[in-house]
Amino acid sequence: MRVIECSTRDEAAELVAGEILRALQAKPDLVLGLATGSTPVGVYERLVAAHCAGDADFSEVRTFNLDEYVGLSALHPQSYRTFMREHLFGSIQIQDHNVRFPPVDGFDLRAACEQYERAIVDAGGIDIQLLGIGSNGHIGFNEPTSSLASRTRVKTLTDKTLGDNARFYKEGEMQPELATTMGIGTILEAKRILLQSFGEKKADAIHAAVEGPISSFWPASALQLHPDTAIYVDAGSAARLTMRDYYRRVERNERGMSS
Ligand code: F6R
């Protein structure tokens, strides 16, 4: 696991977007696992800018989103399908049939979740999975105590997550407490994982994810089992890391080796 401390969110977004754009050049039908929320917005802005400048072609890219709320229609302003349309899909000429979200309705949700898993495998697996992290350490909507081997399924959101995300809802607006999410086992099968975290509110979660014992109580700690994960943090999110100087030194050496 590499920990890359950035001076600003913009620097992190630049590095993450740069990696995705390089991967896209090498593989035009790249398979991306995507996150929503405030964290990836800077990355999406850069992908859109690259597309508008004619530097990135998304026409063959396949995407799988991490999660979606149960009970919101695709057009609901708070649905993650709306979020993705507004922040990325609406501006990059991606093909509709190449965009997938975890199922949130239908007769047999369990079977639909299994089908989502199969679709990921049929696409050849996720090349790059983008992640944010909850202040309780969740990845996707795998809340604390989620099985580290879990697959795509419906989860009940914790009060902590509902409270953190209440900022996106107007007073009195219905906030769903169920979501379908890729499982931790699903996420760990991605070939490369890029997690970003900003702000001191997430410092405990980042500390537990990077330096804590692997525990379902801090779901992101499962990433320690993944062979190719990079964690981009600002100073706020890095505040509780005990080996911060070491991580900086590792990055200096990595840069030295690749130049
Ligand atoms: C969203 C997701 C969540 C968020 C996390 C952080 O698709 O999977 O795990 O990444 O809740 O949210 P923000 O970025 O809004 O702080």
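Confidence in this predicted model, expressed as pLDDT (the predictor's confidence in each residue, from 0 to 100), is lowest in helix H5 (residues 159-165), with a mean of 92, and highest in strand S2 (residues 31-34), at 99. Helices (H or I, at least four residues) and strands (E, at least two) are DSSP runs, numbered from the N terminus. Over the protein, pLDDT averages 97, and 100% of the residues score at least 70. Where pLDDT is low, the predicted coordinates should not be read in detail.

Residues are numbered from 1 along each chain as its sequence is written. Local features need pLDDT of at least 70 and side-chain atom pairs count only at pLDDT 80 or more, while totals for chains, interfaces and linings use all residues; side-chain values use heavy atoms, with hydrogens and water left out.

Three strands form an open sheet in the order S4-S8-S7, and their pairing is antiparallel; two strands pair if DSSP finds at least two bridges between them. Strand S4 (67-69) and strand S7 (153-156) each have a single partner strand and stand at the edges, so one side of each lacks a neighbour in the sheet. From one strand to the next, the twist averages 30°, with axes taken as lines fitted to C-alpha atoms, for helices over the stretch in contact, and angles running from 0 to 180 degrees between N-to-C directions.

S4 is joined to strand S8 (residues 178-181) by three bridges. Along this antiparallel pair, Asp 67 lies opposite Thr 181 and Glu 68 opposite Thr 180. Four bridges link S7 to S8, also running antiparallel. Thr 181 in S8 also has Arg 153 opposite.
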